[in-house]
Amino acid sequence: MIGLAGATLVACAEKAIPERQIVGADPARGLTLIKAEGCGVCHRVPGLKWPRGGVGGSLDSFSSQAMIAGRSPNRPDVLVAWLRDAPAMAPDTAMPASGLSEAQARDVAAYLYTLDAD
Ligand code: HEC
């Protein structure tokens, strides 16, 4: 257990966590999609001034989180699936399925992975 915690700290201290990089995705396009999809109706999203909803919580520091919605590991493939169809992963969630394509969800995920603790 102590060994595992140490490994986690080392991973967090690195500049960019390699498995949180999404090859070919464009974070700037991701932010544009976040605006167009209305994610801000439910979430506070850094980079988005309005709307700033409180239903889904703030996505500030999302890249530093170990879990997605406290139940799934925070990995690119899992995040992309969550962004496209959250209820498929968590039937009781209040987050609706989006209209994002796989490529669009990868761009949104890339933007969310720019949001780290510092
Ligand atoms: C109708 C409200 C609503 C909309 C619209 C919405 N979400 Fe969510 N979202 C939620 C809720 C509620 C949760 C918490 C899910 C849970 O715990 O089941 C959540 C969870 C999340 C999480 C996990 C957060 C965490 O702290 O683990 C991410 C990431 C996320 N949403 C991104 C988005 C993005 C990006 C969009 C736009 C494409 C979006 N959401 C649109 C309500 C919404």
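**An Iron Site and Its Surroundings**

Visitor: Which geometry does the site of the iron atom of the ligand have?
Guide: The angles among its 6 donor atoms run from 87 to 178 degrees. Donors here are N, O and S atoms within 2.8 Å of the metal (3.2 Å for Na, K and Ca), and water is not among the atoms, so sites may look incomplete. Six donors count as octahedral if opposite donors are over 155 degrees apart and all others between 65 and 115. With its angles of 87 to 178 degrees, the site of the iron atom is octahedral.

Visitor: Which protein atoms are donors to the iron atom of the ligand?
Guide: This is a predicted model, in which local features need pLDDT of at least 70 and side-chain atom pairs count only at pLDDT 80 or more, whereas totals for chains, interfaces and linings use all residues. Residues are numbered from 1 along each chain as its sequence is written, and side-chain values use heavy atoms, with hydrogens and water left out. At 2.0 to 2.1 Å from the iron atom lie its protein donors, H43 (NE2) and M95 (SD).

Visitor: How many residues apart are H43 and M95?
Guide: H43 belongs to strand β1 (residues 43-44), and M95 to the loop between α4 (86-89) and α5 (102-112). Helices (H or I, at least four residues) and strands (E, at least two) are DSSP runs, numbered from the N terminus. The pair therefore links distant parts of the chain, its members being 52 residues apart.

Visitor: Which is H43, buried or exposed?
Guide: Buried means under 20% relative accessible area, exposed over 50%, and partly exposed in between (1.4 Å probe, protein chains only). M95 has a relative accessible area of 21%, so M95 is partly exposed. For H43 the relative accessible area is 12%, and H43 is therefore buried.

Visitor: Which residues come nearest to the ligand?
Guide: There are 22 residues around the ligand, a residue being counted if one of its heavy atoms lies within 4 Å. Among them are the two protein donors of the iron atom, H43 and M95. Those that come nearest are C39, C42, H43, R71 and M95.

Visitor: Which residue has a polar backbone atom 2.5 Å from an oxygen atom of the ligand?
Guide: The side chain of H43 has an N or O atom 2.8 Å from a nitrogen atom of the ligand. In the side chain of Q65, an N or O atom is 3.1 Å from an oxygen atom of the ligand. The polar backbone atom at 2.5 Å from a ligand oxygen belongs to A69.

Visitor: Which element gives the largest share of the shell around the ligand?
Guide: Two or more residues of this shell come from each of β3 (67-68), α3 (76-84) and α5. The largest share is 3 residues, and the element that gives them is α3.

Visitor: What is the phi of A69?
Guide: A69 lies in the loop between β3 and β4 (72-73). At 46% relative accessible area, A69 is partly exposed. Although A69 is not a glycine, its phi is positive, at about 50 degrees.

Visitor: What is the phi of S61?
Guide: S61 is placed in the loop between β2 (57-58) and β3. Its relative accessibility is 22%, so S61 counts as partly exposed. S61 is a residue other than glycine with a positive phi, near 65 degrees.

Visitor: Where is P51 found?
Guide: The peptide bond that leads from W50 to P51 is cis, its omega being near -10 degrees. P51 itself is found in the loop between β1 and β2.

Visitor: What is the length of the polar contact between the side chains of N74 and Y113?
Guide: N74 is in the loop between β4 and α3. With a relative accessible area of 3%, N74 is buried. A polar contact is a pair of N or O atoms within 3.5 Å; within protein, one must be able to donate a hydrogen and the other to accept it, and residues adjacent in sequence count only if both atoms are side-chain atoms. The contact that joins the side chains of N74 and Y113 is 2.7 Å.

Visitor: Which side chain does a polar contact of 3.3 Å join to that of D92?
Guide: D92 has its place in the loop between α4 and α5. Its relative accessibility is 64%, so D92 counts as exposed. The polar contact of 3.3 Å joins the side chain of D92 to that of R71.

Notes:
Tetrahedral: all angles 85-135°; square planar, octahedral: opposite > 155°, others 65-115°.
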